[in-house]
Amino acid sequence: MVIERLTEIVEKAVSATTNLGANQAQASAFLLENALTRYANSQIHQNVVSKNGGIVIKAFLPDKRMGTLRANTLEESEIERLAEKAVKIAKSARPDEGFKGLPEPEPWAPVEGAFVKETASCTPEYRAARVKEAIETAHNKSSIVKAVAGYFSSNTMYFAVANSLGVFAHARLTTASMKTTVISESEGSEGFGTAEKYTRNIKEIDPILLAEDAADKSVRSVKPTKIQLGNYEVVLSPLAVGTILSYLGYIGFSAIPYQNGSSFVKYFLNKQVFDEKLTVKDDARDPRTFYMTPIDGEGVPKKLKFLIKNGIVSEESICYDSLRAGKENKKSTGHSVPPITRWFYDMPVPFNMIMEPGDSRIEEMIEETKHGIFVTYFHYVNPVEPTKAILTGLTRDGTFLIENGEITKPIVNMRFTDSMLSALKNIPLLGKNQEMVKGTTVTPIKLNKLRFVGISSY
Amino acid sequence: MFSELGRLALEEAMKQGASYADIRIGEIENEILTVKNGAPEEVKFLQTKGFGVRAIVNGAWGFAASIDVNEKEMGHVVEKAISIAKASSMLKKKNVQLSQEEIRQDKYETPIKKDPFEVSLEEKLNILFEAERLLAEQSPSIKASYSYYQGFREKKFFMNSEGAEISQVITWCGGGLMAIAVKSGEMQVRSYPASFRGDFSTAGYEFFESLALVENAKKVGQELIKLFDAEKCPSMTTDLILTGNQLALQIHESCGHPTELDRALGTEADYAGTSFLTPEKLGKFRYGSKHVNIVADATVPRGLGTFGYDDEGTPAKKVYLIKEGLFVGYQSSRETAAELNLGGSSSGMRADSPLSLPLIRMTNINLLPGDWKAEEIVEDTKDGVLMMTNRSWSIDDKRINFQFGTEIGWRIKNGSLENMIKNPTYIGVTPQFWGSCDALSKDDWKMWGIPNCGKGVPGQVMYVGHGCGTARFKNVRVGLI
């Protein structure tokens with residue numbers, strides 16, 4: 001029902017826009033039903049549900065002037081007015097000679113398993129009950145558990161897009177996630193631990209498992225010690241790896257930094273820039289990816305694409321939408337992000353990154369580490385110098401010293417500032433168990449060296 | 001019309017068992033223009049509208065929102081908010097209490113001279129195209145040159161079950177320039193007047209005109225190219241001078257966020273983190289040197305975080321966070337203020353749309369001026385580094401350890417700016433860093449606008465202001481890369 005309504009809207013919007021003089025037109029419509037139960041200090045403190053939707057019209061005039069209009073409405077009676085406004089905006093703009101045209105239609109097929117009824121129909125009572133389980137589990141773990149925080153969310157997205165060249169496609173997706181952060185305290189010293197789960201099927205979230213993991217890390221994190229700054233071997237959990245990989249996608253594999261000259265990929269084409277064990281593909285049709293979808297924001301069918309193949313990056317690694325592809329006389333690779341957020345920026349990015357697994361268990365990685373650091377989570381990571389993929393960020397929610405193959409003690413959170421080109425050049429061990437972490441599917445990894453430059457203490 | 005819808009929603013909420021309820025109905029218009037490499041990259045008009053209902057039932061919160069502003073949908077949304085609040089109450093330790101605030105029926109509108117939405121798109125684009133052209137033509141090494149404009153207007157109506165009824169129109173606009181140059185595999189970037197698409201102010205189009213993008217474009221491009229010949233920032237511990245367009249973000253990250261009371265009370269522990277400024281430190285902890293005075297001020301003219309009332313209907317306030325170096329105040333909501341018996345909210349609650357739940361957000365977090373002139377601070381520095389315009393940023397979950405990078409810097413020797421330096425970075429620990437602040441300027445003090453502060457789950461993006469000039473910090477570690 002919802003998809004039918006959205007497809008009617010986008011067809012009418014495209015037609016209205018071209019009738020008003022647009023040479024080409026694209027319309028997309030979306031409906032989001034988002035619910036989130038948030039908890040802290042072992043009680044629910046924010047509990048929200050929202051129905052959000054809208055129409056986005058892009059009008060292109062014959063001389064390549066373009067205007068975009070986004071409106072928070074799904075009223076069919078508004079379509080004519082919105083089309084008029086989009087055309088008016090285009091008439092006030094100037095031509096973009098780099099625009100080579102909207103995507104041509106291509107065959108596409110829906111993906112199985114993207115939409116799960118149980119997630120779409122999740123109730124506030126269900127979310128509250130799961131949160132209760134997590135809180136009780138964490139407190140039962142130890143008397144030093146002081147507080148439990150986190151969220152449990154369930155979301156449904158319906159999306160349809162059409163253009164005047166004949167593209168007509170739609171998608172629906174459910175996502176669910178739970179995060180549990182446990183805070184322990186002993187003799188005035190706090191310890192933190194975190195665990196997260198991302199899935200399309202809400203029934204796959206096990207709050208007890210998450211709470212046990214987070215509480216275990218939290219209890220073991222109290223009374224952390226400071227260690228010397230410098231280079232350390234590191235064992236990174238999937239949460240930490242997912243953060244690093246998503247930043248590489250943003251600064252390296254998007255066409256915008258590539259064309260601007262700020263992407264590291266531009267300077268290392270066809271070179272062995274990462275360890276040969278590292279292969280990362282982008283595949284929105286793979287059930288292992290969180291944001292599973294058959295099409296991108298322009299209705300271009302999603303296809304398998306290799307971003308890193310046996311440690312090598314190439315021109316094939318770059319992700320395009322139609323506008324950026326046109327500037328290089330290429331075709332879109334299907335990486336336009338659906339314009340569903342209020343602050344949307346048309347930046348093509350890979351958001352279905354899947355790291356090919358290795359054959360190690362995380363316990364083996366720890367056993368193989370002589371003097372290193374176990375990292376649960378990286379906080380506030382940001383690029384410092386994107387052409388060298390230098391990132392900075394801090395450890396958080398469970399950082400431990402590894403000595404002679406064993407975790408020996410918790411350590412105070414530390415800041416790393418290092419080039420991922422050098423850090424990921426040697427990956428002695430790659431995990432075999434993959435986990436979804438938002439737009440990435442990753443395994444734990446062990447690195448020979450990561451540079452730590454600061455400590456979170458005063 | 002909104003008044004009648006609001007009244008119906010609140011009556012329904014109270015009838016269904018709410019002990020408190022409020023409703024926000026709003027519409028946002030957002031005009032975003034970007035010119036890149038001689039072509040219009042973004043010519044966008046974004047409209048957001050809808051309403052959100054908060055309700056307390058059995059001592060717990062519920063919130064529901066929708067884009068369909070009509071009586072029928074209002075009924076559904078109220079029902080959802082109530083049922084969600086009931087679900088929340090399954091897991092509560094204590095009942096939500098709200099601080100007492102003055103109940104007002106009022107209207108507020110951002111004072112503007114020239115309505116940015118009445119100025120033609122053509123006029124704005126003419127400025128952007130000309131400024132971008134001048135920027136790009138400074139060197140073939142410039143691979144990407146951008147000019148930006150953004151105009152924003154939010155009409156919002158607030159009503160609560162205590163009798164408050166507020167209508168506001170908030171308008172802001174601004175813009176900037178940014179260019180990326182590449183030479184021999186090295187990349188440099190330069191922005192004007194600040195990073196994050198420029199500078200923004202609650203003001204009319206006259207503010208965008210005052211930025212003089214066309215007049216400044218050439219200098220920005222020339223400075224960018226000079227960076228290729230600059231020396232790398234040395235690794236050392238030295239005196240650091242920050243200009244306003246970097247100091248604003250330093251204030252934002254290391255004072256703004258840690259003084260948010262929701263963080264300090266643990267309710268952001270799962271995402272943004274907590275704060276080292278925990279409640280027992282209030283009024284006792286030495287945050288900075290005696291020169292450091294920082295306020296949260298929602299009343300200051302032209303601040304990007306300036307308004308008449310926050311999204312709980314609390315009148316805009318100015319409160320001290322740091323007074324002569326001592327930590328003395330929090331940014332708060334009615335609920336968090338009541339929890340610490342602060343005597344009232346700081347007027348810190350805002351949502352980024354009517355569909356979002358209000359959170360404690362920075363208004364204008366201002367570092368009050370000192371007695372120095374900016375150039376006197378340089379003249380008084382024997383050996384140091386001056387850094388300008390943010391390029392990278394990161395800070396930990398308790399807001400203790402930070403690292404920033406800027407686009408450009410200069411070595412200072414014997415009181416004068418010597419050679420330009422590139423890729424400058426610095427690292428520090430918040431109380432030590434602010435404790436080393438020994439000079440603050442007055443002559444170049446101004447409000448800076450940051451339009452992209454992220455917080456909360458689900459994530460929200462808020463526009464906030466920071467007043468500051470130039471400041472000096474002693475013994476800072478610089479040159480991390």
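Me: Which domains does the assignment give for chain B?

Reply: Domain bounds come from an automatic or database domain assignment, and for chain B this assignment gives domain 1 (2-229) and domain 2 (231-478). The model is predicted, so local features need pLDDT of at least 70 and side-chain atom pairs count only at pLDDT 80 or more, while totals for chains, interfaces and linings use all residues. Residues are numbered from 1 along each chain as its sequence is written, chains are lettered from A and ligands numbered from 1 in the order in which they are written, and side-chain values use heavy atoms, with hydrogens and water left out.

Me: How many residues of domain 1 of chain B are in contact with domain 2 of chain B, and what area do the two bury between them?

Reply: Contact means heavy atoms within 4.5 Å, and buried area is the accessible area (1.4 Å probe) that two parts lose on being put together, summed over both. Here 57 residues of domain 1 of chain B are in contact with 51 residues of domain 2 of chain B, and the two domains bury about 4400 Å² between them, with 54% of it on carbon and sulfur atoms. On the side of domain 1 of chain B, the residues that lose the most area to domain 2 are B:Arg24, B:Glu101 and B:Phe196, together 16% of what that side buries.

Me: How many salt bridges does the rule find across this interface of chain B?

Reply: A salt bridge is a side-chain nitrogen of Lys or Arg within 4 Å of a carboxyl oxygen of Asp or Glu, and the rule finds 8 of them between domain 1 and domain 2 of chain B. B:Glu101 forms a salt bridge with B:Lys317, the closest N and O atoms being 3.2 Å apart.

Me: What does the domain assignment give for chain A?

Reply: In chain A the assignment gives domain 1 (2-218) and domain 2 (225-458), and the C-alpha centres of these two domains lie 23 Å apart. Their contact takes 44 residues from domain 1 of chain A and 39 residues from domain 2 of chain A. The area buried between them is about 3400 Å², of which carbon and sulfur atoms give 63%. The count of salt bridges between these domains of chain A is 3, and A:Lys327 and A:Asp96 meet through their side chains in a salt bridge (3.3 Å, N to O).

Me: What is the strand order of the open sheet of 4 strands in chain B?

Reply: Strands of a sheet pair through backbone hydrogen bonds, either parallel or antiparallel. Helices (H or I, at least four residues) and strands (E, at least two) are DSSP runs, numbered from the N terminus, and two strands pair if DSSP finds at least two bridges between them. In this sheet of chain B the order is S13-S12-S11-S16, with antiparallel pairing. Its edge strands, each pairing on one side only, are S13 (326-327) and S16 (365-367) of chain B. Strand S11 (residues 294-297) of chain B pairs with S16(B) over 3 bridges, and B:Ala296 stands opposite B:Ile365 in S16(B).

Me: Is A:Gly393 buried or exposed?

Reply: Buried means under 20% relative accessible area, exposed over 50%, and partly exposed in between (1.4 Å probe, protein chains only). A:Gly393 counts as buried because its relative accessibility is 0%. This residue lies in strand S14 (residues 390-403) of chain A, and, leaving aside neighbours within four places in sequence, its contacts include A:Tyr380, A:Phe416 and B:Ser394.
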